[in-house]
Amino acid sequence: MPQVTLSVNGKSHTVEIEGRTLLVELLREKLRLTGTHVGCDTSQCGACVVHIDGESVKACTTLAAMCEGASVTTIEGLARPDGTLHPMQEAFREYHALQCGFCTPGMVMSAVDLVQKHPEGLSEAEIREGLEGNLCRCTGYHNIVKAIAAAQDVMHGRRETIAAAAQ
Amino acid sequence: MNAVLPFEGIGASVKRKEDLRFLSGRGQYVDDINRPGQAHAWILRSQYAHARINSIDTTAASKMPGVVAIYTSADMTGIGGIPCGWQIHNKDGTPMAEPKHPVLAEGKVRHVGDPIAVVIAETRSQARDAGEAIVLDVEPLPAVTGTTAALAGAAPCVHDDVAGNLCYDWHIGDKAATDAAFAKAAHHVVFETTNNRLVPNAMEPRSAVGDYDTTTGEHTLFTTSQNPHVIRLLMGAFVLQIPESKLRVVAPDVGGGFGSKIYHYAEEAIVTWAAAKLGRPVKWTADRTEAFMSDAHGRDHVSRAELALDKDGTFLGLRVHTQANMGAYLSTFAPCVPTYLYATLLAGVYSTPAIYAEVQAVFTHTVPVDAYRGAGRPEATYLLERLVDVAARQCGFDKVELRRRNFIATSAFPYQTPVALEYDSGDYVSTLNQALETADWAGFEARRAESASRGKLRGIGISTYLEACGIAPSAVVGSLGARAGLYEVGTIRVHPTGSITVLTGAHSHGQGHETTFAQLVCDKLGVPVAQVDIVHGDTGKVPFGMGTYGSRSLAVGGSAMDKAMDKIIAKGKRIAAHLMEASVEDIEFDPRGEKGGTFRVAGTDRTKALAEISLAAYVPHNFPHDELEPGLEETAFYDPKNFTYPGGCHIAEVEIERETGQVHLLNFTAVDDVGRVVNPMIVEGQVQGGVAQGVGQALLENCVYDSSGQLISASMMDYAMPRADDLAPVSVATHTTLCTHNPLGVKGCGEVGAIGSPPAVINAVVDALREFGVNHVEMPATAPKIWSIIHGSTH
């Protein structure tokens, strides 16, 4: 059986896979990192978004074999090791940007990448457009958009904390 | 010393306790559960809408790598059909047609997605590979999917024993009085519409894991359910004949439901049965296309409504005829949706004196239809609120003033409608006025002119709605055909040192119960939210429960908790009286006392904290043993006295591009009366989410079958789910009148958004298109449809 060696959340793993094994299957079934979800199988919903070498990618349509040598970050690896939440996670909590929580990991991982790619800052319309690859059935997106707007201020150093951004 | 308490009780926007695990990837959804030795199930489903199964050859498939077993209905002997939980009676008093709903197809398949066989293998991929090697000999038969078409004489029969595909022919109201109202009417308005079929599409696909302990004979089912006790009852008693004591059903974190996870589904029975048969755990998880063709769908009504008005615009009578699509089989609560959750709502917020409604439910070769967020009430609201707009336009009345003229007066409560319900409270004028002001209704014409100057068509639409939730008084629903009671159960367990565990039969799958329910306890017992934990979703832990749907969790489940807390306080007072050597009548309890929840001898400074009382209850050295048992835990069953009646006003503003027909939602205003608000942040989120689904129905979503019965919209590439840039900011406000018959004064907020919003959006679209003379646009108001209206009239 072929193997793939990759780093996930800073830890190196060598895993036996089938040629058809998807990255999300490797994460969920081999490494038991079940924070990354599968919502649609057709790359529409974005519940499976992780970062590969810093870029957001849909893990349900990425073959595990393509990730040889890659550095993967999942939702479990986003907070600091001491448990301090990433500003995006904190903003989602502050703004009630999640309800059932199923789309949340992918939504947060997409939002982090979206904000990182736009140091100049995103307008509300640009955030909405930037979430094109992520579906949420619970929130109506209203609070997700607000959370991302607040988090970008903290991530780009324009505000100290999410609480300050919320003021 | 408890300065923080007032901010965590009823009315505080406490941040959610459940968020940390969801945000850090540590939620535990069913598909995250893996049992030792687990095998995987894959289900072979029908590709045909209607076919006779001649043979199922599993010989080759059985020899595929990793295959453990393949089962068809021939193997599942002694298994009951999937039961229906509600029986409707026809006009003539006879019961509805209730054909068998087999777990796996028996001889025939009746919709695309109907399960035929289950393959169990070591891995999911191996199960799927083997499933594709099953040789199926089927004879396709003619199919019918359309609601009206299925009632036509020549339509193919879905069930041989159901003539004309008619499930029931039901009615409500006073036909003679309604006919008389029309006879004297100055205006007679007719409106016909189809309420589009929707697919709920909770983001988490359904999943089920069956486990069996061969030494004890205990079955465990982990399932994506909104009501694990109901599943235990339906599956245990009717399908698999397993006594409750040997069947544990666990619904852990569940990724959204919106109704679709209320029902007992075949896959739950399959994995439970197979796990016992094989002596090893069996897991099944749907992929999204399976969800499209096996989760119960929503809506799908064809209706004709007529309104009689006098010359001044006062409503005299309403007559409705509706055909409702049940799909191929009766899902758990399907029959009650187009009847007692629909026709009883046709009075809306208006004092229409005479109403008569007839409903025919029909079988078709489609996925079963059942309650989806709002369930019957969105269909009633849409019909009525569009009809009122059509009437205003046809008869020359102002659409706001016509509504206002016919409102049930705030002084008229309790108000008995002509269609069975008795509304307890409401204030429709205030919610209307507040919404008109928030949406700047008065300034609209200037905004329309501004849009016109940019070549755009702008429209504004209003909906003044009411719904009935907090489901429901058991005796009432029992008399209407429910085969269950609809009370709720709550246990308050005060631990020795004063922290609290709440066991509730309600189930949270996004609603934030772990926070809201903790706030109820904080408010009533004076214990900080952080020291209150909510346990739900496990029949092995929670005494009993009917689950979460119909916006009932707070109104019914919260009221059960409130009753149990009354018992805690009553017992606590007796313990406090003993400890402080006072008469029990002299003991007061104050949740915001100097010791938090504090028992005091009235008029003195002698006090005991709740934690001191609970310690005395569990370490009963000094305890009134003659009159009380040790411990401090109470359970209450709460059976509601009536439905609750949230209502309000929704206003949508849209802009349409002439070149493309694209409708842009510009803003949306919701002013809702949901009764007392426990957590405003969560209520706002619930309304926003509901509005998003309503806007989805109005502008985007549509479940489509082709003429052969093939499901065309079976993936998220083909079914338009609302995305962030399809929606606009939603302004949410509440205007409270208290529910008069439950102890919390709460009404429910989960469904109002999906109920009130679709007619507001379509009324706005029609308003934007007024120059083209259109009277109506069917949902969803997609760009091609609008483009044809704009360009069809000029070309």
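Predicted model: local features only at pLDDT ≥ 70, side-chain atom pairs only at ≥ 80, totals over all residues.
Residues are numbered from 1 along each chain as its sequence is written, and chains are lettered from A and ligands numbered from 1 in the order in which they are written.

Chain A contains six helices and five strands, where helices (H or I, at least four residues) and strands (E, at least two) are DSSP runs numbered from the N terminus. Along the sequence these elements of chain A are arranged as β-β-α-β-β-β-α-α-α-α-α. The radius of gyration of chain A, 16 Å, is close to the 15 Å that the globule rule gives for 167 residues, so chain A is as compact as a globular protein of that length; the radius is taken over C-alpha atoms, and the rule is 2.2 Å times the number of residues to the power 0.38. Of the 167 residues in chain A, 57% are buried, that is, 20 or more other C-beta atoms, placed from the backbone, lie within 10 Å of the residue's own.

Chain A is assigned domain 1 (3-77) and domain 2 (87-166), with bounds that come from an automatic or database domain assignment. The C-alpha centres of these two domains of chain A are 22 Å apart, and 15 residues of domain 1 are in contact with twelve residues of domain 2, contact being defined by C-beta atoms, placed from the backbone, that lie within 7 Å. On the domain 1 side, β3 (49-52) and β4 (55-58) of chain A each supply at least two residues, and the largest share, three residues, comes from β3(A).

Chain B is divided into domain 1 (5-27 + 487-638), domain 2 (34-143 + 201-294) and domain 3 (426-465 + 644-795). In chain B, the C-alpha centres of domain 2 and domain 3 lie 37 Å apart, and nine residues of domain 2 are in contact with nine residues of domain 3.

The contact between the chains takes 41 residues from chain B and 42 residues from chain A. On the side of chain B that touches chain A, the elements giving two or more residues are α1 (19-23) and α16 (680-700) of chain B, and α16(B) provides the largest share, seven residues.

Note on methods
Contact = placed C-beta atoms within 7 Å. Buried ≥ 20, exposed ≤ 12 C-beta atoms within 10 Å, placed from the backbone.
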